[in-house]
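Colleague: I would like to learn how to read a model like this one. Please take me through it feature by feature.

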Amino acid sequence: MSAVALLRHRRAIALVWLAIAVVLVPSARRASSVLEVSTAELRQGEGAEAGRLLLDGFDSPYARFAVLVLSGIPPPDTEEGRALLDEALGALDLVPFVTRTHSFVSSGDRSMIGPRSTFVVVGLARDEAGAEPNIEALRAATADLPRRWRVRHPEASVGWTGQAALEFDVRAASSADAAAAERRALPLTLVLLVLVFGSLGSALLPVAAGALAIALSLGAAAHLAPHWPLTILLGNIVSMIGLGVGIDYALLMVYRFREGLAAGLPPEAAAADALRHAGHAVALSGASVAVGFAALLVVPAVQLRSVAVGGLLVITASVALALTLLPAVLAASGRRLDVLGIRRAGAPSRREERWRRWGTWVAGHPRRVLLLAGLPVVLLAWPARRMVTDLPSGDWLPHRMESARATAALRAMKGTGIVQSLRLVVRLPATSGATTPEGWQAVRRLALTLRADPRADRVLSLPTLVAAEGPDPVLLSHLPAHVAGGYLSRDRRDALVEVVPREGESPSAMVRFVREIRARDPVALTGLPGTRVLVGGLPALNADYQDAIGRRSATVVALVIGGTLLALAAGFRSLLIPLKAVALNLLSVAGAFGAAVLVFQDGHGARLLGLESPIDGLFPAVPLIVFCVVFGLSMDYEVFLMARVVEGHRAGLGDAAALAEGMARTAGVVTSAAAIMIGVFACFALGDFLIVKILGFCLAVAVLLDATLVRMAVGPALFCLAGTWNWWPGERRLGAAGTAITRPALEGAGHQPLVQPEGSQPEQDRP
């Protein structure tokens with residue numbers, strides 16, 4: 001459909017968008033409640049298989065559990081401390097989905113006692129409908145305890161941690177973090193847009209477009225989540241990208257529309273001109289960004305799939321709004337956009353002349369510009385060689401979360417090993433069950449081998465618990481049901497061996513432990529042919545997650561680079577322009593990674609971002625997410641700039657003049673759009689969630705580098721050095737002396753002609 005025809009049906013378009021909004025926008029409010037929290041869960045993999053076997057084949061009351069941490073009270077080996085612990089256990093007995101509790105009272109285990117503290121492992125069951133345990137009900141059951149205890153013990157506190165509590169808190173805190181970032185970003189964005197456009201009316205449109213894209217995307221995600229599991233990271237990505245890209249696309253359309261008005265076009269013709277020219281750049285840029293997100297779908301990890309789905313949803317919504325609804329609104333609004341204006345639309349700008357002079361200077365000194373602008377980016381990128389992609393150790397969860405505070409108290413008791421436990425499911429041959437002599441010896445041999453490892457604090461299995469070298473039917477018959485059900489499957493074929501790590505072992509060290517166990521021959525570990533050993537637990541899930549990313553990273557990178565090259569080659573009918581764009585994108589990504597290493601790993605300026613100390617890992621997913629997102633976002637500015645340069649080239653300007661004119665017309669809007677995007681990403685970098693903080697920082701740095709040194713200096717210098725090869729093989733048409741053959745002016749009613757610098761003539765293409 002042509003631009004004029006589309007605008008002719010603008011009322012119908014507006015009604016369609018209204019219907020979509022009525023369906024999706026109300027659902028956006030419940031998105032955070034249906035998105036999962038799992039940060040390292042795979043639907044496939046050895047860790048997931050071990051978890052399913054434990055849930056489906058064993059009768060353990062602790063297959064799911066939470067940890068209740070009691071602090072600021074006498075230890076439970078004193079009379080008063082024992083009474084307070086009994087009171088807490090009594091409150092838990094009233095919760096219907098609590099299957100069993102494990103504490104100092106039931107075990108006498110002194111490792112469960114800290115200085116004025118203790119903890120309780122609480123087994124949890126799903127309800128009859130299969131719903132996960134309600135952490136709010138657990139907290140309600142123990143909420144009154146500290147209020148009563150503080151009469152005699154002023155520092156008394158109660159906190160829940162463990163997977164269920166952490167998931168609940170992360171979901172709530174992540175939603176609050178995204179909302180806070182949006183509240184910080186929207187006023188800043190509005191102020192910047194008013195400065196760009198000189199009027200409040202023009203500034204409000206991009207903000208409204210970005211907000212609507214976010215709401216529509218979250219609403220769509222809420223409908224997808226029950227059928228295709230997605231994590232809460234989707235919400236942060238949708239907000240971050242929607243505020244950045246959604247506003248940028250709308251900004252470009254409004255900018256081009258106001259140019260048309262300034263050239264004397266009526267509103268509908270100006271809207272058609274904006275759609276015809278800026279719309280092409282928006283569509284091409286959106287395709288490039290979508291390629292980056294789509295490539296993440298290759299990795300079979302819920303977290304990365306959520307990033308991909310969120311990015312695709314918000315990019316699709318942003319492009320669709322910019323190409324359909326926004327032109328209709330612009331045509332209907334006309335010059336009323338300049339309401340409360342502080343500057344006349346389209347007024348001559350000294351900034352344009354400065355950029356035109358800069359483009360001309362770059363064309364005259366490309367090698368000097370390439371050295372002066374490229375060297376700082378290369379130096380910044382150099383530390384990226386030291387980037388560590390492990391999970392960070394230490395306290396990196398937001399301290400406002402109850403579960404994070406409880407985890408810190410548990411760490412003070414040296415009890416966090418229970419959360420990092422390895423759970424090995426030993427699948428014995430069909431002819432040798434776990435209660436046969438050979439099966440018993442196989443499980444015992446594995447447990448003793450693991451106990452000898454210095455990283456293991458305790459190794460729990462049925463043979464080691466009963467301290468028997470062989471199965472005793474009488475002894476087994478007298479075992480408590482929760483012990484037998486916890487370490488033997490119902491069919492007595494499988495057995496559980498649990499490894500509790502020593503306190504202080506980092507998540508990355510436990511991941512290495514998992515890989516070492518998996519690398520060993522099960523027969524050598526157990527002495528029984530036909531035995532399988534499946535390693536589960538949180539460290540195993542982390543190992544599976546990292547391995548999945550590592551196996552697919554090369555494929556994702558190839559898809560992103562290949563898809564981007566194809567999209568740009570088709571859009572610009574050139575081979576060298578896409579290759580240059582990809583090289584510059586890689587430079588921007590490397591610079592962002594180098595900056596992340598300097599700040600987060602080395603600690604330079606970390607306190608300015610709210611970090612108390614450096615961290616020892618940047619998360620396995622961060623490099624791949626940043627690569628895919630930055631690759632797409634960086635392409636925005638290349639497309640915006642080169643689209644105008646190509647217009648000048650096709651209008652008959654020489655390469656140097658086309659570059660200078662393209663920079664004059666786009667550098668202002670590119671730097672304005674970049675300032676907005678940097679502000680948005682910086683707002684997320686100032687949040688409390690570490691992974692979102694790192695993502696926001698990397699994206700802000702990448703956009704800053706890309707919109708300044710890379711696209712405004714390095715890229716133009718390379719363009720000038722390439723000369724006529726920029727247009728090969730599509731449009732490299734030269735006369736005998738190398739002068740560009742004049743082409744017809746751009747099509748489109750009322751297109752504003754490109755203007756040469758005063759007193760200059762179209763220049764010859766550089767050889």
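Colleague: What should I know about the source before I start?

Modeller: This is a predicted model, in which local features need pLDDT of at least 70, side-chain atom pairs count only at pLDDT 80 or more, and totals for chains, interfaces and linings use all residues. Residues are numbered from 1 along each chain as its sequence is written, and side-chain values use heavy atoms, with hydrogens and water left out.

Colleague: How many helices and strands does the chain have?

Modeller: Helices (H or I, at least four residues) and strands (E, at least two) are DSSP runs, numbered from the N terminus. The chain has 27 helices and nine strands. Its C-alpha trace spans about 100 × 55 × 45 Å along the principal axes.

Colleague: What percentage of the residues in the chain is buried?

Modeller: Buried means under 20% relative accessible area, exposed over 50%, and partly exposed in between, with a 1.4 Å probe and protein chains only. Of the 767 residues in the chain, 56% are buried.

Colleague: And how do I read contacts in the chain?

Modeller: A contact means heavy atoms within 4.5 Å. Among contacts between residues at least 6 apart in sequence, 82% join residues at least 24 apart.

Colleague: Where does helix 11 bend?

Modeller: The bend at a residue is the angle between axes fitted to the seven residues ending there and the seven starting there. For helix 11 the bend is about 35°, at Gly242. Of the 30 residues in this helix, 29 are buried. Just after helix 11, Gly264 has a positive phi of about 95°.

Colleague: Is Trp382 buried or exposed?

Modeller: Trp382 is exposed, because its relative accessible area is 54%. Trp382 sits in the loop between helix 15 (366-381) and helix 16 (402-412). Trp382 and Val597 are 215 residues apart in sequence, while their C-alpha atoms are 9.8 Å apart in space.

Colleague: Which residues does His153 touch?

Modeller: Leaving out residues up to four places away in sequence, His153 touches Gly72, Pro74, Glu80, Leu84 and Arg116. His153 lies in the loop between helix 8 (144-149) and strand 5 (157-161). With a relative accessible area of 8%, His153 is buried.
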